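Please open the model in a viewer and keep the selection tool at hand.

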Amino acid sequence: MGASLNHERAGNGGLALIRWHFMILASAVGMVAGLGAVAFRNLIALFHNALFYKRLSPFYDTFHHMAPSLWGAGVILVPVIGALGVTFLINRFAPEARGNGVPDVIEANYFHQGKIRPRVAIIRPLASSLSLGSGASLGREGPIIQIGAAFASVLGQWLRLTPPQLTTLVAAGAGAGIAATFNTPIAGVLFAVELLLAEVGVRTVVPVMFAVSVSTLISHHFLGDTPALPLHVYKTSLFTPGKLGLYTILGVACGLTSYSFLKGIYFTEDLFNRLFKNSYIRHASGMLLVGIALWLMQRYSGHYYIQGVGYATLRDIIDNALTAPFFLLLLLLLKYLATCITLGSGASGGIFSPSLYLGGTLGATFALLITHFWPALNVNPALFAAAGMAGIIAGMTGTALTSIAIMTEMTHNFHILPPVMLCVALAYIVRRGLSRESAYTMKLLRKGRVVPESLHVSMHYFKQAKEIMRKPHWEKAHAQSLIEGKNADYYLITRQDHIVGWRAGHSEASRTDFIAVPPEMRLENVLMKMEESGAHLALVTSNNQRLTKLTRNDILGIIGAEQWLNEELSDVRLFPHGR
């Protein structure tokens, strides 16, 4: 099947076959991402129930506060036990399973042609479920994204997909993971577009849509289709001109908080790395601090509040059940510290959920303070919390469109769009002004990897083949002297006046991976055809003869795989086969 995906050359029918095959692969990836999301939640529940309550059960409702642990004050050690297991898994099997998994998927797509080690698909969910099940202050989305992406990568490598096909499939797996995690299909597609696709068009977005649709349907079947944070706020008095200034202040505050969160995570990581050389001691020490915080919160406030994904607290905020602004501010500070310590000391998990938590507590705190001092303004804390959640996500991850979509889909309320969009825009601008890098790209930058900030459209793609081809130049000299005395990029090889192959530069090896294209074909279609055929060279021909019948007189020019990157086009020289 892999060979047919890469080397099908049967015209339009073959291209249709390639596309349908690819849609089937994308659907398979979506299925695994959806089932992976369900299995991952059950695995978290197993660890959670075993470690906190000494029972085996795959059920754990994160939208309700957990009951006090059977261990009493001994609950302090539960995160420590989890930390030791997580460190073993990471050290022994997959170092890339440490921290937030999204930067690793981005790195794979941009720098490793979409290749992810198969073991990551197993070790990442194990390590992350143990982290979250033992009380780590993290999110589920990073591991589930990596489950979908890793399966897509393994499947694509096994089928020998071309790099562009593989990276598209990996992006589809990641988007499917987001959709299954939050029940947000639109956000899943936008996440792939904003972070992982190197090219955005129908042929790259449609596979993502297939994968996201399948993963969402599976998630609905097993987990239900109710919104995660239903917000019953309607159109009246949502975004009056008088409240514009309030949302502006909140947007700026979200940007500042995002920057602080970003710096806090990596500052804590550097601090723990300096203080502890042994990875087991490093992570256990960090989680001991988290364990102490959990016990103190439960003892003095009645709930653990800052452990895990924090959705129970967010539900309380959205339902206006938490109305003490200074307590909410305390939760914000403690969640900030707990997440920084958890990630900085070496845990495995995502940052989406902590970002939601920080944004929700920030927005609600701001609105409650406004209500206390200026009750006539009639602000709704739940609405400000929703806008704050989207703002922090945008500031932290740099995914503005995804942030807007994810908040709209999680609340099932499109009336919140104006304030959410304003907060997202301002949060991104403020964080971007203070730090060019997001939480995802910062990790890559620290490894020496620079990810493009945006996608660019080059008008070069829309030129016809005849406009950008290199004019062939026939040399009647001996092939040996040409190779030694000239410096051409490509040499075409002829036998009895027919083109039979080509050589690159001074290479001694001849190759036959070339295609023929008409002079009117656009460069983007030329490159697409080269990609689908596994060809490195395109011969611009004056007729539609088969490759084996092409002569020197048929060749108008040549387009190499790298040519679109270079405006300076050098000569291509022809020489007879045989020396």
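A residue is called buried when its relative accessible area is under 20%, exposed when it is over 50%, and partly exposed in between, with a 1.4 Å probe and protein chains only. By that criterion, 55% of the 579 residues of the protein count as buried. The model is a predicted one, in which local features need pLDDT of at least 70 and side-chain atom pairs count only at pLDDT 80 or more, while totals for chains, interfaces and linings use all residues. Residues are numbered from 1 along each chain as its sequence is written, and side-chain values use heavy atoms, with hydrogens and water left out.

**Whole chain.** Display the cartoon: there are 21 helices and seven strands, taken as DSSP runs (helices H or I, at least four residues; strands E, at least two) and numbered from the N terminus. Among contacts (heavy atoms within 4.5 Å) with a separation of 6 or more, 75% link residues 24 or more positions apart.

**Helix α4.** Select residues 102-111. Eight of the ten residues of this helix are buried, so α4 is largely enclosed by the rest of the structure. The buried set includes Asp104 and Glu107 as well as Val102 and Ile106. Its cover includes α5 (120-133), α6 (141-158), α7 (163-182), α8 (185-195) and α18 (439-445). After α4 comes Gln113, with a positive phi near 55°.

**Nonpolar core.** Next, select Phe191, Leu356 and Met407. Of the 137 residues in the largest nonpolar core, these three touch the most other members; such a core is a set of buried Ala, Val, Leu, Ile, Met, Phe, Trp, Tyr and Cys residues joined through side-chain atoms within 4.5 Å. Another core, of 14 residues, lies apart from it and has Ile468, Ile515, Val517 and Ala538 among its members. Return to Phe191: leaving aside residues up to four places away in sequence, its contacts include Val102, Phe352, Thr402 and Tyr440.

**Helices α16 and α17.** Select residues 400-411 and 417-434. How do these two helices pack? Their angle is about 150° and their axes are 10 Å apart, the axes being lines fitted to C-alpha atoms over the stretch in contact and angles running from 0 to 180 degrees between N-to-C directions. The pair is therefore roughly antiparallel, a term for angles over 145 degrees. Show side chains to see Ala400, Ser403, Ile404, Met407 and Thr408 of α16 meeting Leu417, Val420, Met421 and Val424 of α17.

**Thr204.** Finally, select Thr204 in helix α9 (residues 202-223). At 5% relative accessibility, Thr204 counts as buried. Beyond residues up to four places away in sequence, Thr204 touches Thr168, Leu197 and Glu199.

How values were computed
Angles under 35 degrees count as roughly parallel, over 145 as roughly antiparallel, 65 to 115 as roughly perpendicular and the rest as oblique.
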